[in-house]
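Subject: Structure for you to look at

Hello,

Here is the structure I promised to pass on. Please open it alongside this email, as my notes follow directly below.

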Amino acid sequence: MPADSGTFIAIKNGSGKEVTVQVDDLCSAQLTRGQLVRRETDGSWEATEPVRIWLSNQDDVEFAVYIHNNVKLFGELLERIEGCHTKDNLIAIAQEYGLNWTSTDQLYRRISWLEVLGLLERWGISRFVITEAGQSFLDRVSLASPEEANGTMASPNDKTATLPDPGDVVLNLISKSAGQRRDLIGYIPRGRNARGHNSTSSSQSPFEAIRNLLSLVGDSVDVGEYYRRCATRLGIKKTSANQTIQTMRQLGIMDMVAFGQYGPVPDVAELLNLGNEVDFIRYLHSRYCFIGEILSILDEPTPVPEVARIANKEFSLTRLDKGEIRTRMGFLSGAGLVERIDWTRYRVSPIGKLLAAELALDLPTNKAPEEESSELSGDATYTTQENSIVSDLRECGYNGEKSEEFEKAVASAFAFLGFTSRHVGGAGRTDVVIDAELPAKDSYRAMIETKASSSGMIAEHLVKFDALKDHQKRHHADFGMVIGPDFGGRIREWAENNRFALMTVDDLVNLLVRHTAHPVPLSDLQVLFQVNGDDLTDLEELYSDSERSVELLAKIVELLHEEAKEEDPLMEGYISLENVNYALRKELSPRPTQNAVEECLQLLSHDLVRGATKNNSKYKLADAPVNIMRRLAGLGVRLGKG
């Protein structure tokens, strides 16, 4: 090293055989673990500074200290290993430290490093002896106790913690809040694809990401320049840039300051200054569900999936997936209100306890999601059918013993999306086959492989793309997809090379949520199977377009209703197309085209809807909005019986 991306290098494998591998595969799959290599801004791979020093001076003990500081249960395993003689002994150590492993794979990887670095010797088959170098290493490092690793030790700051009083800015903002708290925060770009972003470094916290975005926007920026800066400085596509704008506007951080220009909202931007993080959480809690409520459930170290389960089951917030919970944890952690115990577990901090006591918190509903409707964007609600599918996907997808039930849940999910879906299953057979029953030119078929996992991660050896391609050929399928909780190792790269799409359980659940409120046609859903790996950005844009169309139609009805209530004998309740366009300019972003507005008015004027009356280029309301809703709902009921 350094080695350019895409090049092949010769290495010796564990058995001593020389093999040729692509540097990207080796580095991304193995050597980035433990911070051994990093990716440069030009895409090439380079050893990290401590590794270069080790290769130069061969100080194995010093290098072991570096690994210990970057890998959990390294020195701690060495200290405890001499009395271990069985697999169960080793697994018991891992579980003491909160690592719920059921195999010794990760333990023996650590043991191999300890042996290679001369800290440990293996006498016979199962007796381990710490060497003199190993004792020297243990004298130099700070070892964590099981209580520290599990986060069960009391914080020394519990009695001395003080909560800053809320400032005038946040009190004023909260007083203006409408009281309706949203579920979804949405997409916040973390800079993972930004030019110069180091692939081994952690992504930005939400606070850092938003501050970076405000720096990008400045006092104001026009839309074209905003897209360009997002691409060059954040490494995100136009579709993701649009999602970001929507998120920032819903957060109240940014808004349209002139036609085609966006800028920060001064008061909210002030809360994002360093030192105001707790006030920003107060503000965030007033606008979004399950912010302060998280603080009330983290007395013990709790993993993100469990927090998501509590939100779904106990608070009936069925739209909150692990991604939304991680975003909330990022804000709370950045404000010092929760402490991150390890990769996935969090615990409330002393200051967090004080803030939880101050805030007005929602209480658990103690109802399963199937028993209660949850509000969706556009005032749509979950159906009983969808809630049942969502529940089955989440329960079975993360349970390796419920593979068949997971297959059936996936088949039901795609049937909900409008496909003709068939569960096949069985050894050596594909799991699900779906058809888009459209005219011959537009129809398509896909085969779907499902993978359930109790660990929440699908390992490389569980996905055999050669076999999946045979299934695809046997069923004459145009596309192939693999669905699981998440994908490890090189699966994403292999999927792209074999033209297979990937989808996580959480993404499928989110898809069902979006489809309930703003369904897109089967012809558009074909993009699901044409993506690289599990990048669903283009599909998100399609759903956003559908949502904007519904929002536009609803705004027009609202505008006609307001005009109808005006006592204007000259206009007699009519409003011109030109004035409709003008009134919508400040209501919607991006601004709808005149054609889109006119098409909505034509739909409302149709005999089926009878929501508006047309007179030349002017329109007026023809019925109560609730009756318009019922006519459209009646159409839906009738089509549902077809």
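L608 counts as partly exposed, because its relative accessibility is 43%. The scale is this: buried is under 20% relative accessible area, exposed is over 50%, and partly exposed is in between, with a 1.4 Å probe and protein chains only. L608 sits in the loop between α27 (594-605) and β19 (612-615). Helices (H or I, at least four residues) and strands (E, at least two) are DSSP runs, numbered from the N terminus.

L608 also belongs to a nonpolar surface patch. L608, L635 and L639 make this patch, and its area is about 280 Å². Patches take residues with over 30% relative accessible area and no salt bridge; like charges are joined within 9 Å, and nonpolar side chains (Val, Leu, Ile, Met, Phe, Trp, Tyr) within 5 Å. A salt bridge here is a side-chain nitrogen of Lys or Arg within 4 Å of a carboxyl oxygen of Asp or Glu. Accessible areas come from the Shrake-Rupley method with a 1.4 Å probe; for residues, only the protein chains shown count as cover.

A word on the basis. This is a predicted model: local features need pLDDT of at least 70, side-chain atom pairs count only at pLDDT 80 or more, and totals for chains, interfaces and linings use all residues. Residues are numbered from 1 along each chain as its sequence is written, and side-chain values use heavy atoms, with hydrogens and water left out.

Next, a sheet. Three strands form an open sheet in the order β10-β12-β11, with antiparallel pairing. β10 (302-303) and β11 (338-340) are the edge strands, each with a single partner strand, so one side of each has no neighbour in the sheet. Two strands pair if DSSP finds at least two bridges between them. β11 and β12 (residues 345-348) run antiparallel and are joined by three bridges. Among the residue pairs, R340 has Y346 in β12 as its bridge partner, and V338 has V348. Two bridges join β10 to β12, again antiparallel. There, P303 is partnered by R345 of β12.

Which way do the side chains of β12 point? R345 and R347 point one way, Y346 and V348 the other way, and all are buried.

H285 is buried, because its relative accessible area is 6%. Contact means heavy atoms within 4.5 Å. Leaving aside neighbours within four places in sequence, H285 is in contact with R181, I291, G292, E293, L359, A360 and L361.

Now the aromatic rings. Rings of Phe, Tyr and Trp (its six-membered ring) pair if their centres lie within 6.5 Å; planes under 30 degrees apart count as stacked, over 60 as edge-to-face and the rest as tilted. By this rule there are 18 aromatic pairs. In one of them, F207 and F331 have ring centres 5.3 Å apart and planes at 90°, so the pair is edge-to-face. F207 is in helix α10 (residues 206-217) and F331 in helix α17 (residues 322-334), so the pair ties together parts that are 124 residues apart in sequence. Both F207 and F331 are buried.

Y444 and F479 make another pair, with centres 5.9 Å apart and planes at 80°, so this one is edge-to-face. Y444 belongs to strand β15 (residues 444-450) and F479 to strand β16 (residues 479-484), so the pair ties together parts that are 35 residues apart in sequence. Y444 and F479 are buried. Ring pairs also link Y444 and F479 with F414, F419 and F529 into a cluster.

- T48 lies in the loop between β4 (45-47) and α2 (49-57). T48 is buried, because its relative accessible area is 7%. Beyond neighbours within four places in sequence, T48 is in contact with Q35, L36, V37, R38 and Y66.
- R80 is in helix α4 (residues 75-80). R80 is partly exposed, because its relative accessibility is 29%. Not counting residues up to four places away in sequence, R80 touches I93, E96, Y97 and P146. L90 is ten residues from R80 along the chain, and their C-alpha atoms are separated by 9.1 Å.

Best wishes
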